[in-house]
Amino acid sequence: MDNVGDVLLAGPCVRAVAAHVDSVTLLAGPRGRAAAELLPGVDQVVTWCAPWIDLEPPAITSASIGAFVDEIRSLAIDSALILTSFHQSPLPLALLFRMAGVPWIGAISEDYPGALLDLRHRVEGDPPEAERALSLAEAAGFRLPPGDDGKLAVRQPLPDVSGWTGEPGYVVVHPAASVPARQPSADRSAAIVAALALAGHRVIVTGGMTDRSLTAAVARDYAIDLGGVTTLPELAAVLRDASVVVAPNTGPAHLAAAVRTPVVSLFAPVVPAARWAPYGVPVALLGDQHAGCRGTRARECPVVGHPCLESITPEQVVMVAEELSAGRPGRLRTGV
């Protein structure tokens, strides 16, 4: 019910369920729907904005809740797994599913669920979010099929984006994040792009429609600016053909992992990297993981100067990007 990255991290769990049932309906929030449509194993996507999760929650009315319950009832769901981040409760949604007549519900829950859950799964430690979600499927009796490596994935084929990008082997820099505390300054991102370009790499800057002024400021004359240009499947294709992706902790970093591209992760420790770093691909984690913002889940940086990310130097990024690129034979190319 959350953002693009959260939905992509649910992918292994979804595939495990899909291997054992006739049909999978994925309920997603509006911010995550595009990612839901990219997940292998999903037959139908239903969208609803959960007022206890979305950052701009809609008003709660009996009419809106009733309409949602009626929609779920019309689907005649046999069983439901509720996937949440470690800091979210599944119980509000479980209550609505019970009202809709869903006969079996499982979720990870630290809170006593009473009659709301048939499976109350507990997870110890601090596992990656993809493994945490997959463990719920396994507890419910759904295991990945033989040959599935349990990593992130998207539907194939992806669109041809070579008209924008040219040949594979460029470096992608994605400067934006959905939460400001996780995003480097425009000046820092611009310096990273310039350093990569001056080191001889072709650079492409990506971003959403609302990021266009940022991507233009970051790309300048050093990079191709694709801010606001791509759909999510097209962005996936752009990331797939990169030698490496440089991004903060945000959806495109997980999308890069889903197309098996290494990531230079500019990671602010407002949430733990153990859970949220890009999963299943080579990753270079940059940023002070012991900064004062550690574990706060802050949306705005609580420390003057944003030192966890502003301490990252462009030279560091170039060095680790080249190290990760070296592990992708045929993908590292330089040029103007």
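Rings of Phe, Tyr and Trp (for Trp, its six-membered ring) count as a pair if their centres lie within 6.5 Å; planes under 30 degrees apart are called stacked, over 60 edge-to-face, and the rest tilted. Ring pairs of this kind link Trp48, Trp52 and Phe68 into a cluster. The model you are looking at is predicted, so local features need pLDDT of at least 70 and side-chain atom pairs count only at pLDDT 80 or more, while totals for chains, interfaces and linings use all residues. Residues are numbered from 1 along each chain as its sequence is written, and side-chain values use heavy atoms, leaving out hydrogens and water.

**Aromatic rings**

- Searching the whole structure turns up two aromatic pairs.
- The pair of Trp48 and Phe68 is stacked, because the ring centres are 3.9 Å apart and the planes are at 15°.
- This pair links distant parts of the chain, 20 residues apart: Trp48 sits in the loop between β2 (44-47) and α4 (62-74), and Phe68 in helix α4. Helices (H or I, at least four residues) and strands (E, at least two) are DSSP runs, numbered from the N terminus.
- Trp48 is buried, with a relative accessible area of 13%, and Phe68 is buried too, at 1%. Buried means under 20%, exposed over 50%, and partly exposed in between (1.4 Å probe, protein chains only).

**Nonpolar cores**

- A nonpolar core is a set of buried Ala, Val, Leu, Ile, Met, Phe, Trp, Tyr and Cys residues joined through side-chain atoms within 4.5 Å.
- The largest one has 53 residues, and Val154, Val172, Leu239 and Leu255 have the most contacts inside it.
- Helix α10 (residues 232-240) gives this core its largest share, six residues.
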